[in-house]
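Open your viewer and get ready to select residues by number. We will go from stop to stop together, and at each one you will read what to pick and what is there.

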Amino acid sequence: MVCLGNICRSPLAEGILKSKSKNIIVDSAGTAEYHIGNKPDIRSIEIAKKYNLDISDQRARQFNTNDFNIYDKIYAMDNDNYSKIISLAENQKEIDKVDLILNESYPNQYKSVPDPYYGGEKGFENIFHLLNNACEKIIERHEKR
Ligand code: 4NP
């Protein structure tokens with residue numbers, strides 16, 4: 001799960017997907033380095049808590065090219081993150097691992113999870129539901145395999 005800072009969107013995506021499956025190994029990262037080592041944004045921690053998830057132990061890290069070796073699937077939260085990740089890929093196999101997370105719930109629409117950082121709490125409620133729906137689709141598809 002990859003966003004820009006790894007403090008708002010991708011920590012929520014990580015927490016939500018982990019809560020839905022004990023079999024999938026889930027991690028998150030940011031394309032930027034601004035928040036390395038930081039806890040999730042308090043507004044993400046609070047919206048997660050509202051839905052009985054504790055994401056407060058997460059710490060931000062930066063996406064790196066070794067993630068292409070470790071993970072089968074890399075979900076970008078928005079089109080900027082997607083382009084940044086693709087620019088780091090070294091071959092088609094790595095490119096093929098990358099998708100926008102909302103393509104799970106809105107296939108082929110290339111929608112972005114809105115960056116909630118400069119907005120209010122409503123934005124966090126909105127992204128929670130967007131990510132929850134997308135993660136349900138991920139689980140459905142994974143269980144069919
Ligand atoms: P995120 O949100 O990418 O969902 O973690 C942001 C966090 C920090 C900043 C921007 C977006 N920032 O500009 O510091």
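The tour below visits pockets, cores and aromatic rings in turn.

**Before you start**

This is a predicted model, in which local features need pLDDT of at least 70 and side-chain atom pairs count only at pLDDT 80 or more, while totals for chains, interfaces and linings use all residues. Residues are numbered from 1 along each chain as its sequence is written, and side-chain values use heavy atoms, with hydrogens and water left out.

**Stop 1: the largest pocket**

Select Ile-24, Ile-25, Tyr-71, Asp-72 and Lys-73: of the 22 residues lining the largest pocket, these are the closest to its centre. A pocket here is an open set of points on a 1 Å grid over the protein atoms alone, where a 1.4 Å probe fits, with protein on both sides within 12 Å along at least five of seven lines; lining residues have an atom within 4 Å of a point. The largest pocket holds about 530 Å³ of space, a volume being the space filled by probe spheres set on the points.

Now colour α3 (66-70), β3 (74-76) and α7 (121-144), the elements that each give two or more residues to this lining. Helices (H or I, at least four residues) and strands (E, at least two) are DSSP runs, numbered from the N terminus. Which element gives the largest share of the lining? That is α7, with three residues. By class, the lining has 13 nonpolar, two polar and seven charged residues. Ala, Val, Leu, Ile, Met, Phe, Trp, Tyr, Cys and Pro count as nonpolar, Asp, Glu, Lys and Arg as charged, and the others, Gly among them, as polar.

**Stop 2: the second largest pocket**

Next, select Cys-3, Arg-9, His-35 and Tyr-117, which are among the residues lining the second largest pocket. About 160 Å³ of space lies there, and its lining divides into seven nonpolar, two polar and two charged residues.

Stay on His-35, in the loop between β2 (29-30) and α2. Is His-35 buried or exposed? It counts as buried, at 16% relative accessibility (buried means under 20% relative accessible area, exposed over 50%, partly exposed in between, with a 1.4 Å probe and protein chains only). Leaving aside neighbours within four places in sequence, His-35 is in contact (heavy atoms within 4.5 Å) with Gly-5, Ile-7, Ala-60 and Tyr-117.

**Stop 3: the nonpolar cores**

A nonpolar core is a set of buried Ala, Val, Leu, Ile, Met, Phe, Trp, Tyr and Cys residues joined through side-chain atoms within 4.5 Å. The largest has 30 residues, and Met-1, Leu-12 and Leu-131 are among those with the most contacts inside it. Its largest share, nine residues, comes from α7. Show Leu-12 and look beyond its neighbours within four places in sequence: its contacts include Ile-47, Ile-127 and Phe-128. A second, separate core of eleven residues includes Val-2, Ala-29, Ile-74 and Ile-85.

**Stop 4: the aromatic pairs**

Rings of Phe, Tyr and Trp (its six-membered ring) pair if their centres lie within 6.5 Å; planes under 30 degrees apart count as stacked, over 60 as edge-to-face and the rest as tilted. There are three aromatic pairs by this rule.

Select Tyr-51 and Phe-128, a stacked pair at 4.3 Å centre to centre, with 15 degrees between the planes. Tyr-51 sits in the loop between α2 and α3 and Phe-128 in helix α7, 77 residues apart. Tyr-51 is partly exposed, at 29%, whereas Phe-128 is buried, at 4%.

Finish with Phe-63 and Phe-68: their ring centres are 5.4 Å apart and their planes at 85 degrees, so this pair is edge-to-face. Phe-63 is buried, with a relative accessible area of 8%, and Phe-68 is buried at 2%.
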